[in-house]
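User: Got a model I'd like to talk through with you. Can we go over it a bit at a time?

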Amino acid sequence: MMAEEKQQAYVTVAGGYSPEVVELKQGVPATITFNRTSSQGCLDVVHSKDLGFETELPLGEEQTVTVPTDQAGEFTFSCGMDMFSGKIVVR
Ligand SMILES: [Cu+2]
């Protein structure tokens, strides 16, 4: 494995998450960039209790979070009120 290997995922937030499932490779440093492009719904916060991130998503401003990939599995992220959710699959 190359020391500088990284992976970056991109999720558009517009009345839900697109894509709803983000796949990441275990053991490779990862970031996910969220871009909220619509004021629809209550998606101005995204968080994951599983993976320990939470960030506000100002409309039209990309926000990048670091995601731990040391553990394989399926992890959930959701809006601030847990009404919309997506999944991060690490394997
Ligand atoms: Cu919500």
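User: Is Phe 34 buried or exposed, and what is its relative accessible area?
Analyst: Keep in mind that this is a predicted model. Buried means under 20% relative accessible area. Phe 34 counts as buried, because its relative accessible area is 0%.

User: How many aromatic pairs does a search of the whole structure find?
Analyst: The search covers the whole structure, and the count comes out at four. One of them joins Tyr 17 and Phe 34, with 6.5 Å centre to centre and 70 degrees between the planes. That pair links distant parts of the chain, with Tyr 17 in strand 2 and Phe 34 in strand 4, 17 residues apart. So, back to the count: the search gives four aromatic pairs.

User: What kind of aromatic pair do Tyr 17 and Phe 77 form?
Analyst: Planes over 60 degrees apart count as edge-to-face. For Tyr 17 and Phe 77 the planes are 70 degrees apart and the centres 4.9 Å. Tyr 17 sits in strand 2 and Phe 77 in strand 8, 60 residues apart. The pair is therefore edge-to-face.

User: Which residues do ring pairs link into a cluster?
Analyst: Tyr 17 is buried, at a relative accessible area of 5%, and Phe 77 is buried too. Both belong to the cluster, whose members are Tyr 17, Phe 34, Phe 53 and Phe 77.

Definitions and conventions:
Residues numbered from 1 in each chain as written. Predicted model: local features only at pLDDT ≥ 70, side-chain atom pairs only at ≥ 80, totals over all residues. Heavy atoms only, no water. Phe/Tyr/Trp six-rings, centres within 6.5 Å; stacked < 30°, edge-to-face > 60°. Helix = DSSP H or I, 4+ residues; strand = E, 2+ residues; numbered from the N terminus. Buried < 20%, exposed > 50% of the residue type's maximum accessible area, 1.4 Å probe, protein only.
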